Amino acid sequence: MTSITAHSNSMAAGHSTPRGVLLAFASYAVFAFSDASIKILHGTLPSYQVAFIGSLFGFAAIPFLKTRGDEWLDVVRTTNRPLWMLRFACGAIGAICSIVAFTKLTMAEAFALLFLLPSFVTILSVVFLKEDVRWQRWTAVIIGFVGVLVVLRPGFRELSIGHLCAAIGGLSGAVSIVINRALGSKEKRISLYGAVLFGTLIVSGLLMLPEMTWPTAWQWMFLASYGLLGAAGTVLLMSAAKLAPANLVAPPQYSQMIWAIGFGYLLFNDSIDLPMALGIVLIVFSGLLTLARERKRGTPLPAAVVAADTRASFATAQESQAKTPNR
């Protein structure tokens with residue numbers, strides 16, 4: 001009887017995996033539409049205000065993330081207050097910087113730099129978690145940074161605050177992932193989400209006060225699109241992580257680059273030259289190579305790269321707990 005039950009559970013898991021992967025693709029598409037909403041605003045509102053209003057709409061996800069054993073106050077409870085506060089800060093920095101990046105850069109270029117997140121995770125894991133990283137992952141890191149140099153071409157083109165903010169956004173997301181790994185399974189998902197949500201809300205709320213303006217009707221429409229779609233993407237990603245292994249949920253995030261190129265061409269009249277295309281390919285390859293190594297090692301994987309990437313980072317990271325390393 002036990003073997004029959006185990007076989008039935010295995011069959012059920014097998015049937016649910018394709019649905020989980022499809023949900024992952026859907027969540028990343030929703031995130032891309034959320035990010036496009038920022039771009040459509042064209043910087044007509046301060047980035048702090050966009051982040052603040054987006055975080056207000058982000059509260060819509062909490063009822064869907066709350067599980068049976070959770071209490072509403074678990075949004076702000078934690079097993080490790082210093083790490084929770086660090087995630088709080090990373091959430092604010094990541095959200096604001098990513099909004100600036102999508103405002104100032106083409107969507108493809110912003111995503112390319114934000115996709116450095118897996119490389120940053122590798123470096124931070126060595127420094128703070130004392131992971132023994134071998135040559136394959138260092139190769140992926142080097143490829144990623146070569147791709148960035150090809151995209152940016154320093155000395156041959158003008159760099160902007162958008163490029164810096166995209167890099168900082170990826171770094172803050174990486175710090176958040178490393179915090180997830182340090183906390184392990186002790187921290188509830190709703191608490192991880194709450195740290196980033198309240199961090200963005202409070203920090204951006206204070207920063208926006210000197211230049212706050214009341215949005216117009218069309219601005220409200222895209223602010224709501226940014227916030228609600230970001231919340232919906234987070235819920236979809238969490239659902240995907242429940243149905244499929246994290247090592248299958250994380251790689252589809254790179255489909256966002258297809259959406260970025262499409263939106264750029266159709267909506268924003270963006271163009272991608274050959275060097276930028278080559279750099280994007282190198283960065284994406286670097287990220288996929290890192291994910292492949294993480295999968296082999298059984299390490300929690302980096303999560304979605306979106307304008308508020310750290311808001312979604314708990315969804316897959318908590319589904320795959322670290323095992324004995326096989327580096």
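Predicted model: local features only at pLDDT ≥ 70, side-chain atom pairs only at ≥ 80, totals over all residues.
Student: What makes Trp84 and Phe88 an aromatic pair, and why is the pair called tilted?

Tutor: Start with distance. Their ring centres are 6.0 Å apart. The limit for a pair is 6.5 Å, so they qualify. Now the angle. Their planes are 35 degrees apart. Stacked needs under 30 and edge-to-face needs over 60, so this pair is tilted.

Student: Where do Trp84 and Phe88 lie?

Tutor: Both are in helix H4, residues 81-104. They are 4 residues apart, about one turn of the helix. Both Trp84 and Phe88 are buried.

Student: Why is the pair of Phe102 and Phe111 called edge-to-face?

Tutor: Their planes stand at 75 degrees, and their centres are 5.1 Å apart.

Student: How do you know whether Phe102 and Phe111 are buried or exposed?

Tutor: Look at relative accessible area. Phe102 has 0%, and Phe111 has 0%. Buried means under 20%, so Phe102 is buried. Phe111 is buried too.

Student: How do H4 and H5 pack?

Tutor: H4 and helix H5 (residues 107-114) pack at an angle of about 145 degrees. Their axes are 7 Å apart. The crossing of H4 and H5 is right-handed. At this meeting, H4 brings Ser98, Ala101 and Phe102, while H5 brings Met107, Ala110, Phe111 and Leu114.

Student: What makes you say that the charged end of Arg81 sits over the ring of Trp84?

Tutor: The charged end of Arg81 is 4.8 Å from the ring centre of Trp84. The distance limit is 6 Å, and the charge must also be within 35 degrees of the ring normal. Arg81 counts as sitting over that ring. Lys66 does likewise with Trp72, at 5.0 Å from the ring centre.

Student: Why is H2 called largely enclosed?

Tutor: Of its 12 residues, 9 are buried, so the rest of the structure largely encloses H2. Among the buried ones are Val50, Phe52 and Ile53.

Student: What follows H6, and which residues of H6 are buried?

Tutor: The buried residues of H6 include Leu117, Phe120 and Leu124. Just after H6 comes Lys130, with a positive phi of about 60 degrees.

Student: Why is Ser27 called buried?

Tutor: Its relative accessibility is 0%. The cut-off is under 20%, so Ser27 counts as buried. Ser27 belongs to helix H1, residues 2-41.

Student: How far apart are Ser27 and Leu237 in sequence and in space?

Tutor: They are 210 residues apart in sequence and 5.5 Å apart in space, C-alpha to C-alpha. Beyond four places along the sequence, Ser27 touches Gly233, Leu236 and Leu237.

Student: How many helices and strands does the chain have?

Tutor: The chain has 15 helices and 0 strands. Of its 327 residues, 54% count as buried.

Note on methods. Residues numbered from 1 in each chain as written. Heavy atoms only, no water. Helix = DSSP H or I, 4+ residues; strand = E, 2+ residues; numbered from the N terminus. Buried < 20%, exposed > 50% of the residue type's maximum accessible area, 1.4 Å probe, protein only. Axes fitted to C-alpha atoms, helices over the stretch in contact; angles between N-to-C directions. Left-handed = near helix turned anticlockwise from the far one by under 90°. Contact = heavy atoms within 4.5 Å.
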